[in-house]
Amino acid sequence: MLKRAFFNECELRAGWRFALYVVMVGALAVGLSLLLHFLVHAKRGPGPFTAQHTLFNEVFLSLVFIVPALILGRLERRTLGDYGLPARGAFGRRFGEGILWGFGLQCAIMLLLVALGASHISGLAANAATALKYGAMWGVAFILVGIAEEFSFRGYSQFTL
């Protein structure tokens, strides 16, 4: 009777797998947060809103959600592709289409803000090389934002439930 509460015909029931995933995500988040606090933040405080800090945070969040999925996927004989992060075609045509739509919409919003007088562009604050460097860093950071956010809601959790 107790076995039926935890297992179906061939594996641990979905609700228990999801609960295990949530516990693993929480434990990893707390463990890494404590480690980072003692290694980094205790010495100089929380970081500012910069490209480097955002990259660091998004790598952290991506690991927190993906590592437990990798562990449970190994036990369930599934890959990250089964949970929505396929290796094949990951940065293909649809990815490029999303980049173009996202960049285009952000440009349209900025143009609208300038046209309505809510913003003003008066020139560049950096040379071209610096602007490209930080543009690339922010680009990678926001790709990681998308991966972390989408996987946290639509990755292992949605697949399992």
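Which residue follows H3 with a positive phi? The residue is arginine 77, whose phi is near 60 degrees. The model shown is predicted, so local features need pLDDT of at least 70, side-chain atom pairs count only at pLDDT 80 or more, and totals for chains, interfaces and linings use all residues. Residues are numbered from 1 along each chain as its sequence is written, and side-chain values use heavy atoms, without hydrogens and water.

**View 1. The chain comprises 6 helices and 0 strands.** Helices (H or I, at least four residues) and strands (E, at least two) are DSSP runs, numbered from the N terminus. Of the 161 residues in the chain, 20% are buried, that is, under 20% relative accessible area with a 1.4 Å probe, protein chains only.

**View 2. Helix H3 has a length that agrees with expectation.** At 1.5 Å times one less than its number of residues, the 26 residues of H3 should span 38 Å, and the end C-alpha atoms are 36 Å apart.

**View 3. The largest nonpolar core has 12 residues, including Tyr21, Leu36, Phe60 and Tyr156.** Such a core is a set of buried Ala, Val, Leu, Ile, Met, Phe, Trp, Tyr and Cys residues joined through side-chain atoms within 4.5 Å. Two or more residues of this core come from each of helix H2 (14-44) and helix H3 (51-76). H3 gives the largest share, 6 residues. Apart from this core lies another, of 5 residues, among them Leu55 and Met137.

**View 4. Phenylalanine 65 is in contact with Tyr21, Val25, Ala148, Phe151 and Ser152, leaving aside neighbours within four places in sequence.** Contact means heavy atoms within 4.5 Å. Phenylalanine 65 also belongs to the largest nonpolar core.

Notes: Buried < 20%, exposed > 50% of the residue type's maximum accessible area, 1.4 Å probe, protein only.
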